[in-house]
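Let's take a friendly walk through one protein model. Have a look at the fold below, and then we will go through some of its parts together.

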Amino acid sequence: MNLPIKNKLQEDLFRIKPMKPVIKTTLPHGHKDYLEIIYLQEGRGHHQIDHRKFAISPATVYWVLPGQVHHWELTDIPKGFVIMLRKDFLADHPLYDLLFSPFPLPFPHAVELSHIEPAITGIFEAMEKEFRDLLPNFRAIVQSFGCCSI
């Protein structure tokens, strides 16, 4: 089976966007050249990453590594953020080798964080604002937030 490979970054090293507030099911697809970190504050349904199917629960972070296949089966309107980043964006990050090494991922693909939800939401909101407003030094600021959240 030939799966579609998406490239929403084009030439960018980093992008963060709010989740689209729509109930949808996506077809299985991969992301060849970038890591995707999805933080869902709200929503229900399932997120499948490779052969693992995760029930969506609020305040959960999902990791989709380059080359993995994933798809969504949303049954409720999602609220949250999607971060897409290329290897070069985190070249000096201490977890670089773990995030961009061959499988398997040394930590879970889904991490429920309801016990620190306000702090995690604040980090994602601040990263999105810096990126959206393109404030001076936004790349360095977003990288520092990224180091805290990863």
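We begin with helix α2, where the buried residues are I120, T121, I123, F124, M127, E128, E130 and F131. Keep in mind that this is a predicted model.

How far apart are the end C-alpha atoms of α2? They are 24 Å apart, which agrees with the 24 Å that the 17 residues of this helix (residues 117–133) should span at 1.5 Å a residue. Just after α2 comes L134, with a positive phi of about 45°.

Now for the sheet. This open sheet has 5 strands in the order β1-β8-β3-β6-β9, and their pairing is antiparallel. At the edges stand β1 (14–18) and β9 (110–112); each has a single partner strand, so one side of each is left without a neighbour in the sheet. From one strand to the next, the twist averages 15°.

Is β3 largely enclosed or left open? Of its 8 residues, 7 are buried, so β3 is largely enclosed by the rest of the structure. The table shows the pairing of β3.

| Strand paired with β3 | Sense | Bridges |
|---|---|---|
| β6 (residues 60–64) | antiparallel | 5 bridges |
| β8 (residues 79–85) | antiparallel | 7 bridges |

Y39 has F81 as its bridge partner in β8, and Y39 stands opposite V61 in β6. Also facing β6 is E36, which stands opposite V64.

Definitions and conventions
Residues are numbered from 1 along each chain as its sequence is written. This is a predicted model: local features need pLDDT of at least 70, side-chain atom pairs count only at pLDDT 80 or more; totals for chains, interfaces and linings use all residues. Side-chain values use heavy atoms; hydrogens and water are left out. Two strands pair if DSSP finds at least two bridges between them. Helices (H or I, at least four residues) and strands (E, at least two) are DSSP runs, numbered from the N terminus. Axes are lines fitted to C-alpha atoms, for helices over the stretch in contact, and angles run from 0 to 180 degrees between N-to-C directions. The expected span of a helix is 1.5 Å times one less than its number of residues. Buried means under 20% relative accessible area, exposed over 50%, partly exposed in between (1.4 Å probe, protein chains only).
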